[in-house]
Amino acid sequence: MKTCLIVDDSTVIRKVARRILEEIGFEVDEAEDGKEAFEKCAKNMPDSILLDWNMPVMSGLEFLKKLRSYVGGEMPKIVFCTTENDIGHIAMALKAGADEYMMKPFDREILEGKFLGLYQD
Amino acid sequence: MLEQSVAIIARFMQQKAGIQLSANKIYMIEARLEAVVKRFGFAHIDALAASLPMAMGEVQQAVIDALTTNESFFFRDQKPFDAFEQALLPQAIARARDEDRKVRIWCAAAATGQEPYSLAMILAAKKHSWLHQGAEIVATDLSQTALSRAKSGLFTQFEVQRGLSAQQLVQHFTKIDEQWQIAPALQHMVQFEVHNLLHNPARLGQFDTIFCRNVLIYFDVETKRQILTHLARQLPPGGALVLGASETLVGVSDQFKPDPNLPMVFRRPE
Ligand SMILES: C[S@@+](CC[C@H](N)C(=O)[O-])C[C@H]1O[C@@H](n2cnc3c(N)ncnc32)[C@H](O)[C@@H]1O
């Protein structure tokens, strides 16, 4: 079973995403900001991460850059999930090492598509 | 809505589009035609129905547009697009090169454009291999409304997130207000035209590959047969027809044989 860490300061988003990801077979854990997420990754690296951009303490982008420079941190597939919905932000996220990018609002089909797509090839 | 109106509208759609509306779709018919009733100033849907057979082309087209299902996604089902990239396109290029002509692809139910543009993205990535001959995609549909959306190349945020990777989005789109605009280079590869599958497509010319996906499901067997005969004439021996994931030709047509190696791909016998 693949694991996914959901990193978002909104409890609503975490709850919605958790339900959908569990339904498609992921084992889910949650973190409220980049700092908490990094601590969890250092202990136990997940297979994938659903990552918000704007969060208190440590933003998604900061977290991503820090994780990718860490030994083993190149492993997880990372899907950004944010209200930032312009090409500049998407390009920046991809450059920093994100695998996919999802703009809020999203629906079940989009979330499923992005996560199932990660492990297709 | 009067029973008689349902019958008139069903007969009209059968004749004009080949589409079977089942009687249990009354609620759907009413909901979708509400805007047409208002737009052309009919008192109610029964008045629209009564005048439909004699109505102006504009009214008839609006009814057809409202009652067709135009839903589509980029790279829908993925597999046929992989088959296109890895097998059908290289074969088409080889054939076109032998005959010293353009590679020609037909999307016969193009709807709002996601399918022809997905093919255009694949062609763009392989440009070096066909540059010498040239390539074109002809995208047709019965619905003018769907086609003009396709032609505009503008998609909503939901639409671009269905089936496109972030990489493809950044590579092929720009953002205009809340909409996503496909790159002009891709738009230029596609020619949009209204075409009814019930009619003879000879004027569109010969093609190497035809995508005709998720539309045959709306027709009865006799209509399907007739359409497949039309499509077969536009393909060379060995040419490929690509259907939707739930569509088969079993018991419908023996003019095509399923490709043993490629899912959803059917071939004209050599
Ligand atoms: C569900 S869409 C399929 C779009 C795309 N091929 C895909 O698979 O995603 C079906 C399309 O078939 C078109 N259509 C229905 N009857 C038709 C006819 N008689 N001739 C041409 N197009 C037709 C509709 O207007 C609609 O856009």
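**Ligand site and A–B interface in a predicted model**

Residues are numbered from 1 along each chain as its sequence is written, chains are lettered from A and ligands numbered from 1 in the order in which they are written, and side-chain values use heavy atoms, with hydrogens and water left out.

Back at the ligand, a polar backbone atom of L197(B) comes within reach too, at 2.9 Å from a ligand nitrogen. The side chain of N196(B) places an N or O atom 3.0 Å from a nitrogen atom of the ligand. The protein covers 99% of the 610 Å² of accessible area that the ligand has on its own (Shrake-Rupley method, 1.4 Å probe; for residues, only the protein chains shown count as cover). In total, 21 residues surround the ligand, the closest being S72(B), R76(B), A109(B), D141(B) and N214(B); a residue counts here if one of its heavy atoms lies within 4 Å.

Turning to the interface, 17 residues of chain A are in contact with 17 residues of chain B, contact meaning heavy atoms within 4.5 Å. The two chains bury about 1400 Å² between them, 58% of it on carbon and sulfur atoms (accessible area, 1.4 Å probe, lost on putting the two parts together, summed over both). I87(A), M103(A) and I110(A) supply 37% of the area that chain A buries against chain B, more than any other three residues.

On the polar side, eight residue pairs are in polar contact across the interface, both residues at pLDDT 80 or more. On chain A, α4 (87-95), β5 (100-103) and α5 (108-118) each supply at least two residues of the side touching chain B (helices, H or I, of at least four residues and strands, E, of at least two are DSSP runs, numbered from the N terminus). Two salt bridges are counted between the chains, a salt bridge being a side-chain nitrogen of Lys or Arg within 4 Å of a carboxyl oxygen of Asp or Glu. R162(B) forms one with D107(A), the closest N and O atoms being 2.4 Å apart.

K104(A) pairs with D8(A) in a salt bridge at 3.0 Å between the closest N and O atoms. This pair links distant parts of the chain, 96 residues apart: K104(A) is in the loop between β5 and α5, and D8(A) in the loop between β1 (3-7) and α1 (11-23). The peptide bond from K104(A) to P105(A) is cis, with omega near 0°.

Conventions. Predicted model: local features only at pLDDT ≥ 70, side-chain atom pairs only at ≥ 80, totals over all residues. Polar contact = N/O pair within 3.5 Å; in protein donor to acceptor, adjacent residues only side chain to side chain.
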